[in-house]
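Thanks for passing this one along. Here are my notes, written to be read with the model open beside you.

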Amino acid sequence: MVAEAFLYPFRDEADRSALAVLFACGLGTAIAGQLAVALYPATPWLVPALVTPLPLVAWAGYCRHVVAATVADRDAPLPSFGSVRDRLRDGLVLLAVTLAYLAVPAGALLVTVQGATRIDPATITLETGTVVLLGSTLTMFVALAVGYVYPAVVARRLDREDAPLFHPGGLLYVIRNPSYLVAWAAAMVVAFVGFGVSGQLFGGRGVPGLLAGLVAVYASVVAARLVGIGYVRSR
């Protein structure tokens with residue numbers, strides 16, 4: 001499963017032009033973002049600042065498209081990019097679902113951080129230290145639980161449009177399956193690597209920045225494929 005996901009973008013009949021479009025989206029985001037920073041605080045900085053999210057949303061929309069194609073047919077090759085309008089729509093839908101699910105762990109993290117920063121280190125006692133430790137541990141487990149269920153929710157809604165957004169109980173048969181666990185763990189590692197090199201994409205220049213863009217694009221497609229495969233093999 002994992003090895004197949006890494007070879008997925010290079011399978012026969014795969015539309016590799018989609019990778020080129022994704023790479024262009026990454027570079028477009030980086031260039032527009034750097035231009036906005038360079039022009040700030042002059043008024044023209046608003047133009048590239050407003051343009052920056054568009055290729056990034058389209059990139060996210062294609063990753064959702066890969067998951068949808070895998071859920072529909074696990075043996076299908078890498079799909080074409082399709083129309084920009086469709087990918088922007090997919091990206092906005094994915095962003096909305098992501099924000100809905102991140103609201104809980106983000107809120108828990110905010111409360112924990114605010115509570116910890118208000119404690120004077122000189123007055124920390126066993127009781128306050130225990131509260132901070134428990135709060136941090138709870139936040140970590142909440143974030144982990146949400147992060148584990150979230151990809152399955154995205155895949156299920158692509159599989160069934162009438163699937164509820166906030167009903168993880170209906171996904172127990174998926175999230176308890178070892179295939180989903182392996183796919184989720186592999187996808188998180190790949191996504192972490194892609195996220196790590198994306199800093200070079202936005203901040204690097206020349207060859208390092210181009211190579212980082214290629215790695216980030218490849219990692220995002222592999223991670224999306226792993227999410228789809230994990231769901232399909234577990235449903």
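Predicted model: local features only at pLDDT ≥ 70, side-chain atom pairs only at ≥ 80, totals over all residues.

1. The overall make-up is quickly told. The protein has 9 helices and 0 strands, so the order of elements from the N terminus is simply α-α-α-α-α-α-α-α-α. Buried residues account for 37% of the 235 residues. The protein exposes about 12,800 Å², and carbon and sulfur atoms supply 73% of that area.

2. Taking contacts between residues at least 6 apart in sequence, 77% join residues that are at least 24 apart.

3. Not counting residues up to four places away in sequence, Leu171 touches Val149, Ala152, Val153, Arg156 and Tyr231.

4. Leaving aside neighbours within four places in sequence, Ala155 is in contact with Val67, Val71 and Tyr231. The C-alpha atoms of Ala155 and Val67 are separated by 6.6 Å, although the two residues are 88 apart along the chain.

5. Now to the largest pocket, which contains about 1,300 Å³ of space. Of its 36 lining residues, the closest to the centre are Ala60, Cys63, Leu94, Tyr150 and Ala191. H4, H5, H6, H8 and H9 each give two or more residues to the lining, and H8 gives the most, with 10 residues. What is the lining like by class? The lining has 29 nonpolar, 6 polar and 1 charged residues.

6. The second largest pocket has a volume of about 180 Å³. Its lining consists of Arg64, Val93, Leu94, Val97, Val154, Arg157, Leu158 and Glu161, and the elements giving two or more of these residues are H5 and H6. By class, 5 are nonpolar, none is polar and 3 are charged. Leu94 lines this pocket and is also listed among the residues closest to the centre of the largest pocket.

7. Is Ser220 buried or exposed? Ser220, found in helix H9, counts as buried because its relative accessibility is 16%, under the 20% cut-off. Apart from neighbours within four places in sequence, Ser220 is in contact with Trp59 and Cys63. Cys63 is one of the residues closest to the centre of the largest pocket.

8. Last, a detail of the backbone. Which form does the peptide bond from Tyr40 to Pro41 take? That bond is cis, with omega near 10 degrees. Pro41 is found in the loop between H2 and helix H3 (46-51).

Terms used: Residues numbered from 1 in each chain as written. Heavy atoms only, no water. Helix = DSSP H or I, 4+ residues; strand = E, 2+ residues; numbered from the N terminus. Buried < 20%, exposed > 50% of the residue type's maximum accessible area, 1.4 Å probe, protein only. Contact = heavy atoms within 4.5 Å. Areas by Shrake-Rupley, 256 points an atom, 1.4 Å probe, with all protein chains shown as cover. 1 Å grid on protein atoms, 1.4 Å probe; cavity = no way out; pocket = protein on both sides within 12 Å on 5 of 7 lines; lining within 4 Å. Points joined across faces, edges and corners; volume = space filled by probe spheres on them. Nonpolar A, V, L, I, M, F, W, Y, C, P; charged D, E, K, R; others polar.
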